[in-house]
Amino acid sequence: MTEKENLTELLEQWSVLAPGQWDNENGPEGWFAVCNDEGIVAYFADEPTAFRFRLAEINRELNG
């Protein structure tokens, strides 16, 4: 698998869900959720921070 294919796959695996797009009784209402194939892994009050976390996780997997 090429690096581009790895990146494409990871971009599909990691997502940011806007408030109201996720259903989890334990999560903070009105926050953005970052999830992967295993489920929600983090919550953020603002969208830019959620996307930074998503990209950091993708980068970690690519370089790990």
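Analyst: Buried means under 20% relative accessible area, exposed over 50%, and partly exposed in between (1.4 Å probe, protein chains only). The model is predicted, so local features need pLDDT of at least 70 and side-chain atom pairs pLDDT 80 or more, while totals for chains, interfaces and linings use all residues. Residues are numbered from 1 along each chain as its sequence is written, and side-chain values use heavy atoms, without hydrogens and water.

User: Which pattern does the protein follow along the sequence?

Analyst: Helices (H or I, at least four residues) and strands (E, at least two) are DSSP runs, numbered from the N terminus. The protein has two helices and three strands. Read along the sequence, their pattern is α-β-β-β-α.

User: What percentage of the 64 residues is buried?

Analyst: The C-alpha trace spans about 40 × 20 × 15 Å along its principal axes. Of the 64 residues in the protein, the buried ones make up 25%.

User: How many aromatic pairs does a search of the whole structure find, and what is the angle between the planes of W22 and Y43?

Analyst: Rings of Phe, Tyr and Trp (its six-membered ring) pair if their centres lie within 6.5 Å; planes under 30 degrees apart are stacked, over 60 edge-to-face, the rest tilted. The search finds two pairs. W22 and Y43 form a tilted one, 5.1 Å centre to centre, and the angle between the planes is 55°.

User: How many residues apart are the partners of that pair, W22 and Y43?

Analyst: W22 sits in the loop between β1 (15-17) and β2 (32-36), and Y43 in strand β3 (residues 39-44). The pair therefore links distant parts of the chain, and its partners are separated by 21 residues.

User: Is Y43 buried or partly exposed?

Analyst: W22 has a relative accessible area of 13%, so W22 is buried. For Y43 the relative accessible area is 23%, so Y43 is partly exposed.

User: What is the centre-to-centre distance of F44 and F53?

Analyst: F44 and F53 form a tilted aromatic pair with 45° between the planes. F44 is buried at 16% relative accessible area, whereas F53 is partly exposed at 24%. Centre to centre, F44 and F53 are separated by 5.2 Å.

User: With which residue does R60 form a salt bridge?

Analyst: A salt bridge is a side-chain nitrogen of Lys or Arg within 4 Å of a carboxyl oxygen of Asp or Glu, and the structure holds one. The closest N and O atoms are 2.7 Å apart. The partner of R60 is E57.

User: Why are R60 and E57 separated by about one helical turn?

Analyst: R60 is partly exposed, with a relative accessible area of 47%, and E57 is buried, with 15%. The separation is about one helical turn because R60 and E57 lie in helix α2, where they are apart by three residues.

User: Which residues make the nonpolar surface patch?

Analyst: Patch residues have over 30% relative accessible area and no salt bridge; like charges are joined within 9 Å, nonpolar side chains (Val, Leu, Ile, Met, Phe, Trp, Tyr) within 5 Å. The patch covers about 310 Å², and α1 (3-13) and α2 (47-63) each supply at least two of its residues. L7, in helix α1, is partly exposed at 36%. The patch is made by L7, L11, L55 and L62.

User: Which residues gather in the patch of negative charge?

Analyst: Asp and Glu count as negative, Lys and Arg as positive; His and chain ends are not counted. E12, in helix α1, has 61% relative accessibility and so counts as exposed. The patch on the surface gathers E5, E9, E12, D37 and E38.

User: How far apart in space are G20 and W31, C-alpha to C-alpha?

Analyst: G20 is in the loop between β1 and β2, and its 74% relative accessibility makes G20 exposed. G20 and W31 are eleven residues apart in sequence. Their C-alpha distance is 8.5 Å.

User: How far apart in space are N24 and I40, C-alpha to C-alpha?

Analyst: N24 also has its place in the loop between β1 and β2 and is partly exposed at 27%. In sequence, N24 and I40 are 16 residues apart. In space, C-alpha to C-alpha, the distance is 8.7 Å.

User: Is R54 buried or exposed?

Analyst: R54 lies in helix α2. R54 and L17 are 37 residues apart in sequence and 11 Å apart in space, C-alpha to C-alpha. With a relative accessible area of 14%, R54 is buried.

Note on methods: Areas by Shrake-Rupley, 256 points an atom, 1.4 Å probe, with all protein chains shown as cover. Charge placed at Lys NZ, Arg CZ, Asp CG, Glu CD.
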